[in-house]
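Dear colleague,

Please find the structure below, handed over for your own work.

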Amino acid sequence: MPMIDYRNLKIAILGGGNVGANVANLLLTHRDELEARVGAGLEVVGVAVRDPAAERTPAIPAELLTTDAHALVTGADIVVELIGGIEPARTLVLEALRAGADVITANKALLATHGEELFEEAAQVGAQLHYEAAVAAAIPIIRPLRESLAGDRIRRILGIVNGSTNFILDKMDTEGWTTEEAMRVASELGYLEADPTLDVEGYDAAQKAAILAGLAFHTRVPVDAVHREGITKVTSDDIAAAKAAGYVVKLLAIAERVRSPLGGEGIVTRVHPALVPREHPLAAVHGGHNAVFVEAEFAGSLMFYGAGAGGVQTASAVLGDIVSAARRHLAGGPGVAESTSADLPILPFDAVSTRYQIVLEVADVPGVLAQVASAFAEHGVSIEQFQQSAARGEDADPTATLVVVTHEARESALAATVEALNGSPAVRRVASVIRVEGL
Ligand code: NAP
């Protein structure tokens, strides 16, 4: 048998943390198998870190560690950016592309904020920029949207793309924990980012939503165009009211095609807590798991489910990108460019029509229901379901809780209704307004 003349591809890994150490370890321990799949040698030429003396799990051979990331990028065929954050990651990715390397990154923050610059650079030099791990870690969702569904028309994406907030909401729903208890345990288990607002205020999910929306609708979606609300206002009472009505509360990243008021279609991308019917597949996503539910015109509904974080799980997605980049590197030709061919208008959040659950605290006196109903009717929001709980408080001044579920209404109509309810003498407090999705 003649020896196969493997070309040797040099792989530089930037970052040897949770993900980087696992990527290096898997590349070294499964080298033969991966080389056979690619048809080329895959040589890890180095791993750039800040502190070479730091302990790493899994360990990285000392001779591979370097603090000179810029030197490592020079001469590499494939550069894997796993540092995170904006700088120096952005500069290093640009340097790598300009030097002719294909680049793999798991950095959603970098892509959501500087994606345009990076994709343009990649297109200019004909290099490939892969980022399967940047959204929902181990779950293959970027390649399905970019390639498998490239012939379809996606109508809507509903994603649970932040594991820590899903853990918190899930424990409140299944174990009856308070928000504070659930947040404390999520923090103790290391589920929350060092700055927890990135998770609980929906910033992380908004970055991922912008990336998914761009891919799904062949349009560049800046992260600033994503409407964002976190989970900090969701209370145990909201979860209980949702449960009683047959729903579960999830933090959803939603990107959808909607009719533009000016004619034609546009897209709206948003992140907020939402009520999901208990029979919807997304309701079964428990703990820190992620899932992306795609509604496509021809394929129908598809759900992608799995681990949305974890060093070795994320490394799996990065390795898939390495194999893919290595194959293209060998085949030659330009990488697949970012697709922005549709360039749909990005519409304001108000263009969306959805259903709502509104929890009201009202005076328990005759005529209240009529006053509440007229506030809805005046703004053209029709009520699907009304539920009243027993009154509590002093006999002379009892308060009842009303849970109202609406039919589909525009965001602006709902906002006007809430304003009217707040001004109504019958209403003591609008306790919460949560959108209903997945119907
Ligand atoms: P991490 O554990 O904090 O690791 C970051 C690594 O980058 C460390 O090894 C650090 O070196 C190195 N580093 C930082 N600044 C550097 C610099 N200036 N020059 C050279 N090296 C530098 O982060 P991670 O969890 O592995 O995440 C990496 C990327 O994957 C991020 O973009 C993250 O968003 C993404 N991601 C992570 C997960 C996950 O579950 N962890 C899931 C999906 C995506 P030292 O070790 O010496 O400090």
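Which of the 22 residues around the ligand come nearest? They are Gly16, Val19, Asp51, Arg56 and Gly310, where a residue counts as near if one of its heavy atoms lies within 4 Å of the molecule.

Please note that this is a predicted model, in which local features need pLDDT of at least 70 and side-chain atom pairs count only at pLDDT 80 or more, while totals for chains, interfaces and linings use all residues. Residues are numbered from 1 along each chain as its sequence is written, and side-chain values use heavy atoms, with hydrogens and water left out.

Ligand site

A polar side-chain atom of Arg56 lies 2.7 Å from an oxygen atom of the ligand. Gly16 places a backbone N or O atom 2.8 Å from a ligand oxygen atom, and a backbone N or O atom of Gly310 is likewise 2.8 Å from an oxygen atom of the ligand. The ligand taken alone exposes 900 Å², of which the protein buries 76% (Shrake-Rupley accessible areas, 1.4 Å probe). The shell comprises 10 nonpolar, eight polar and four charged residues; Ala, Val, Leu, Ile, Met, Phe, Trp, Tyr, Cys and Pro count as nonpolar, Asp, Glu, Lys and Arg as charged, and the others, Gly among them, as polar.

Domains

The protein is divided into domain 1 (9-138 + 312-331), domain 2 (142-307) and domain 3 (352-436), with bounds from an automatic or database domain assignment. The centres of domain 2 and domain 3, taken over C-alpha atoms, are 26 Å apart. In domain 2, 14 residues are in contact with 10 residues of domain 3 (heavy atoms within 4.5 Å). One salt bridge is counted between domain 2 and domain 3 (a side-chain nitrogen of Lys or Arg within 4 Å of a carboxyl oxygen of Asp or Glu). Glu229 forms a salt bridge with Arg435, with the closest N and O atoms 3.1 Å apart.

Yours sincerely

Notes: A polar contact is a pair of N or O atoms within 3.5 Å; within protein, one must be able to donate a hydrogen and the other to accept it, and residues adjacent in sequence count only if both atoms are side-chain atoms.
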